[in-house]
Amino acid sequence: MKTDGRKWLIRLLTGIFVILLFPAGTGGMQETGEGSSGEKLLKPVMRIRVATTTSLYDTGLWGYLEPMFEENYGVELDVLYAGTGIALEYGRRGDVDVITVHSKSRELEFVERGYGVERVPFAYNYFVIAGPGDDPAGIKGKTAEEAFRALATGGNGLFVSRGDDSGTHGKEKAIWKSAGLPEIANSKKNSDTAGWLVEAGRGMGPTLLMADEKKAYTLCDIGTFLSYKGKISLVPLVQKGEILLNVYSAIAVSPEKYPRVKHDMARNLIEFLTSPRIQELIGNYGTGQYGEPLFTPCAGTEHVDQRQPRVKTP
Amino acid sequence: MTELWEGIARAFVLILSLDREVMEITGRSLTISMTSCGVAVLICLPLSSVIHFNRFPGKRYLISLIQTSFSLPTVAIGLFVFVIFSRAGPLGILGLMFTPSIMVIGQAILITPVMLGLTISALSGGDIAISETARALGATKFQTMVITIREVRYAVITAVVMGFGRAISEVGLSLIVGGNIKGYTRTITTAISLETSRGDIELSMALGIILTMIAFLINLVLNRIQQK
């Protein structure tokens, strides 16, 4: 009786383990065969983690640079995509080693409070206000501020805001303020915006797809806009003005605040991003696929290019 | 409509040609969910017996609490796990955020109540005569437990399979604690979420079809078990 019960229990447990491990094992083998995750779980490969704004991810830039960095330094680079707000929060919590974001004032605050080592700008481009081709609000050719005023007061056309505390969302707020409509930037839910302003609460790509679906206007960085060009029918309508400048920087999370961050490798990553070879690759990224580069490299300087953006309106 | 058919057609091409990325993501999903399922089973079998075979004050409430947590939203558990395991959190020293291990932990937390609840109700649905007979014949407490669990084994397996189904199909938790890192923590559901947001429908569909097939297989197994 006693041995019977024990035997049975052992049999049951072995059975469950065999069932659990068999497919898990084959899954693992497939992966080890390709030299990826299954193997990494066992072998201690150094991993470094970067949290990036969605626009650098949705354009595919990180996917393009990642294998080069990994090969150069023999590490695994884990790229987490998140809005600037979340990326900064990951940094503040010490969950990532580097962040690449685009919101100057908040980056400076991040460094000032001791969470980051130094703000290193490495590329820039411009924002565009994209909208439906028939442009019901008539914003084409206006400045960003005029366009936002027309959207707020004209009653024609819908605006999709990121609404996710990202760098782009911050830029929307800056434009509302600059346009003399700070109440729109500040309000959480406002009856004034009811009916014409929608908050997506998602990354740049999904927001763009939503705006396209709704035939609405949205503020988008030119990189993401170009990389989604084939998938959407929106056109760039406003692309003038210094306020639309969009600078991306990399910040290493402070090793003083979080001794466990991989600071040396983080420095390598920032050096890599600002190295002449990679800067050139960033400057050419997208030319083949989209007919024009998505970013202008600017390592070492916060160079503000006063030329008009090179985007052609179709 | 053409988009849908083209998507489905290309999805099948991706699956049948054993596309590297699709296979890798599927393998990872299965590995993670099965491991978490295994962890949950190890917690669940002894714990359910302890709860079922003992009388203690508040037992009813404990069981209700377990049953309530069947429907805990995955994102809420994800947030909880994030706050605990983030470097700034109480268990941050382990450095587990955004790794497959933390996804296993999160999923185990998610499905343990489901398995526990179902196992307890399986045990209470079992024939009381069996455990009484066992005890009358001089079986120890442990032996009685084993015998009773054996009697309701099909219901217990059902509980395990249900737990696995919940683990492999959840997305909120995996996104928050795993971070959907390519080649590391990207699973079927998180990949679908990302690729759809990028407008890459084919890969999403291929993965969606695979997930549906897995769900179908799970149901098939469940039906077989319940017929016994």
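Here are a few notes on chains A and B of this predicted model.

1. Housekeeping: residues count from 1 along each chain as its sequence is written, with chains lettered from A and ligands numbered from 1 in the order written. As the model is predicted, local features need pLDDT of at least 70 and side-chain atom pairs count only at pLDDT 80 or more, while totals for chains, interfaces and linings use all residues.

2. Chain A has 14 helices and 10 strands (DSSP runs, H or I of at least four residues for helices, E of at least two for strands, numbered from the N terminus). Of its 314 residues, 45% are buried, meaning 20 or more other C-beta atoms, placed from the backbone, lie within 10 Å of the residue's own.

3. Chain A splits into domain 1 (44-125 + 246-297) and domain 2 (129-244), with bounds from an automatic or database domain assignment. Their C-alpha centres are 26 Å apart. The contact between them takes 21 residues from domain 1 and 16 residues from domain 2 (contact: C-beta atoms, placed from the backbone, within 7 Å). On the domain 1 side, H3(A) gives the most, with 3 residues.

4. Over in chain B, the axes of helix H6 (residues 128-136) and helix H7 (residues 141-151) come within 9 Å and cross at roughly 150°; the axes are lines fitted to C-alpha atoms over the stretch in contact, with angles from 0 to 180 degrees between N-to-C directions. H6(B) is therefore roughly antiparallel to H7(B) (angles over 145 degrees).

Key
Two residues are in contact if their C-beta atoms, placed from the backbone, lie within 7 Å. A residue is buried if 20 or more other C-beta atoms lie within 10 Å of its own, exposed if 12 or fewer, and partly exposed in between; C-beta atoms are placed from the backbone. Angles under 35 degrees count as roughly parallel, over 145 as roughly antiparallel, 65 to 115 as roughly perpendicular and the rest as oblique.
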